[in-house]
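Grab a pencil and keep the structure open while you work. Each exercise gives you a task, and a step-by-step solution follows.

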Amino acid sequence: MPRPDTPLIIALDYPDLDQALVMADRLDPARCRVKVGKELFTRSGPQILEALHARGFEVFLDLKFHDIPNTVAGAVEAAADHGVWMINVHAGGGRRMMEAARERLDKRRLTTHLIAVTVLTSMSREDLAEVGVDDDPLSQVERLAALSQRSGMDGVVCSAQEATALRALCGDTFLKVTPGIRPSASNGDDQRRTLTPARALAAGSTHLVIGRPVTQALDPMAALADIEHEIGR
Ligand SMILES: O=C(O)c1cc(=O)[nH]c(=O)n1[C@@H]1O[C@H](COP(=O)(O)O)[C@@H](O)[C@H]1O
């Protein structure tokens, strides 16, 4: 199966397998990847991954592991053993945690992309201050992205607002996976650091994670077509 030549990752944030597959069956695995997150995976288990793989999708299993190094190493190995395209951990777990995850995948020759979440796109400067980080999101994202790169990650999750700075700091090939994508007409929901699809790509995002602007649209396929048109696909 050829790899899809697209930056689009559709977040299948549904409460159960059936609803997720109704959406997946309307999507084309040649034109997007899909993301399975905590709610869907906790409800459905690995069955959802098998069903999506059987349909030809590359899957980002977004479980954002954050624990002691030994526990995270085991968790990323278990996740990668499902044959998913991408998995993630929280960079806030620190260098030793990320290195342990990297070493475990390398030892098993598992080629799953391993990326680290820097600062959640739902967080503003005020949210960061409340958890003891008295700095702007960009500085904290840069700090955690540099640490992630030194710790062997293939890239990071950040907001597209930080993508240009990370391109300068970490280079073009370091993955910049950006949720918080909002077409100009839609609201931000719980997201705080957002950008439109076209501006996100221009800024240097390598992948755009898009959930509600497509999945909650009155006509999801029309919403997706509009996004593809906006980014020239
Ligand atoms: O790791 C993620 O995917 C992620 C990181 C982050 O900082 N912000 C973020 O929104 N996400 C995920 O990206 C998706 C965004 O969904 P929408 O806000 O509906 O487009 C959700 O599934 C989130 O769990």
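**Exercise 1. Find which elements supply at least two residues each of the shell around the ligand.**

Step 1. Go through the elements: β3 (59-65), β8 and α10 (212-215) each give at least two residues of that shell. Helices here are DSSP runs of H or I with at least four residues, strands are runs of E with at least two, and both are numbered from the N terminus.

Step 2. Before going on, know what you're looking at: this is a predicted model, where local features need pLDDT of at least 70 and side-chain atom pairs count only at pLDDT 80 or more, while totals for chains, interfaces and linings use all residues. Residue numbers start from 1 along each chain as its sequence is written.

Step 3. Now look at the whole shell: 19 residues surround the ligand, with Ala11, Thr121, Pro179, Gly211 and Arg212 the closest. A residue is near a molecule if its C-beta atom, placed from the backbone, lies within 6 Å of it.

Step 4. Sort the shell by type, and you get 8 nonpolar, 6 polar and 5 charged residues. Here Ala, Val, Leu, Ile, Met, Phe, Trp, Tyr, Cys and Pro count as nonpolar, Asp, Glu, Lys and Arg as charged, and the others, Gly among them, as polar.

**Exercise 2. Work out how many strands the closed barrel has and in what order they run.**

Step 1. Follow the pairing around: the closed barrel has 8 strands, in the order β1-β2-β3-β4-β5-β6-β7-β8, with parallel pairing. From one strand to the next, the twist averages 25°. That angle is taken between N-to-C directions on a scale from 0 to 180 degrees, using axes that are lines fitted to C-alpha atoms (for helices, over the stretch in contact).

Step 2. Check β1 and β8: β1 (residues 8-11) pairs with β8 (residues 207-210) in the parallel sense over 3 bridges. Two strands count as paired if DSSP finds at least two bridges between them.

Step 3. Name the partners. Isoleucine 10 has isoleucine 210 in β8 as its bridge partner, and isoleucine 9 has valine 209.

Step 4. Look at two more pairs. β1 and β2 run parallel and are joined by 3 bridges, while β7 (residues 175-178) and β8 pair in the parallel sense over 2 bridges. Threonine 178 sits opposite leucine 208 in β8.

**Exercise 3. Describe where alanine 11 sits and what it is in contact with.**

Step 1. Count around it. Alanine 11 has 21 other C-beta atoms within 10 Å, so it's buried.

Step 2. List its contacts, leaving aside neighbours within four places in sequence: Lys35, Gly37, Val209, Ile210 and Gly211. Contact means that the two C-beta atoms, placed from the backbone, lie within 7 Å.

**Exercise 4. Which phi value does arginine 109 have, and is the residue buried or exposed?**

Step 1. Compare arginine 109: its phi is positive, near 55°. Arginine 109 lies in the loop between α5 (95-107) and β5 (113-117).

Step 2. Count its neighbours. Arginine 109 has 6 other C-beta atoms within 10 Å, so it's exposed.

Step 3. Repeat for aspartate 189, which isn't a glycine either but has a positive phi of about 55°. Aspartate 189 is in the loop between β7 and α9 (197-203), and it counts as partly exposed because it has 14 C-beta neighbours inside 10 Å.

Terms used:
Buried ≥ 20, exposed ≤ 12 C-beta atoms within 10 Å, placed from the backbone.
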